[in-house]
Amino acid sequence: MNILGLDAVVFGVDDVPACTACLTDYGLAPVGVSEQGGRFEALDGTAVVIRRFDDPTLPAAIGPAPSLRETVYGVASAADLDAIEDELGRDRAVHKDADGTLHSVDDMGFAIAFQISVRRPYSASADLTNAPGSAPQRPLNQIGISPDMPAAPRSLSHVVYFVPDSAKAEAFYQRLGFRTTDRFVGVGPFMRPAGSDDHHSLFMIQTPPHMKGCEHFTFHLGSGTEVLLAGTRFAAKGWTSFWGPGRHLLGSNWFWYFNSPLGCHIEYDADMDKHDDAWAARQAPMSADNSQLFLFAGREKWAPGGPPAKQG
């Protein structure tokens, strides 16, 4: 089952204008947006989809509005869809749309779907670094950063669930070919599908049953510089930082999390580790030291000669 990764996350929301503003300010391109909702796309076509919470076409809610209503995975071929349908059909209902998309529910009650991936080719510049001791990546007279440089979401990276039984949830996704790359002991696994070499497309956190839901989702940006730039621009539009910026230890990815009106946090990430089946999963206790290698705190801009920088 060649699952490539996430194609979309679908939310039922109670404030379409606020969610539209958030996702547009975040950097996603609105497609077909109306008072009923719409689609918000990254450069590769992966997306966040919002609908009114009472939209009858949405899967059943697992919590109050707003909340995640479905996680959509992209696959490489129709044969992969057939294999997934056969596997899930052994012990649960599977519905196929007219366009061939499969819909079902995982062992924790999260609605999941599978489709031929919408991911498309795109062009975006690399972040070229010059470092003493290695060959320069950026040529002479080419500047590395400018105030108007792009920092757009490139691809839907991962989603994080709160689950009441992380071991049972992990076993379900292993049925679909997911591999566990790392684990926080007593908390839950980081998992990647067979068709992706990203450190994880799914992370699950053990919580009491009443907390079940989506903790956050994130899109890949091109670099740590882009995370800092996109997050700074997002904050300047009034969206409040929740955690970050910083860099995770497991996965190595840069991060910056924000509060959102979607019922979960929304993150920017960049420079995630890549793994194949030769990788041996690590285990670590959950702690602040293991959750991030370093963490920054923002402050207002400052220049030499101005008032002293505030401390703390």
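Predicted model: local features only at pLDDT ≥ 70, side-chain atom pairs only at ≥ 80, totals over all residues.
Local features need pLDDT of at least 70 and side-chain atom pairs count only at pLDDT 80 or more, whereas totals for chains, interfaces and linings use all residues. Residues are numbered from 1 along each chain as its sequence is written, and side-chain values use heavy atoms, with hydrogens and water left out.

In helix α2 (residues 78-88), Asp80, Leu81, Ile84, Glu87 and Leu88 are buried (under 20% relative accessible area, with exposed over 50% and partly exposed in between; 1.4 Å probe, protein chains only). Viewed down the axis of α2, these buried residues fall within an arc of 130°, and therefore line one face of the helix; the arc is that of the directions from the helix axis to the C-beta atoms. Ala79 and Asp86 are exposed on the face turned away from the buried side. The buried residues of α2 pack against β1 (3-13), β5 (67-75), β7 (102-105), β8 (111-116) and α3 (166-175). Helices (H or I, at least four residues) and strands (E, at least two) are DSSP runs, numbered from the N terminus.

Serine 201 is located in the loop between β11 (188-192) and β12 (202-206) and is buried, its relative accessible area being 2%. Beyond its neighbours within four places in sequence, serine 201 is in contact (heavy atoms within 4.5 Å) with residues including Gly5, Leu6, His158 and Met191.

The lining of the largest pocket receives five residues from α4, which gives the most; α4 (224-236) and β14 (241-248) each supply at least two.
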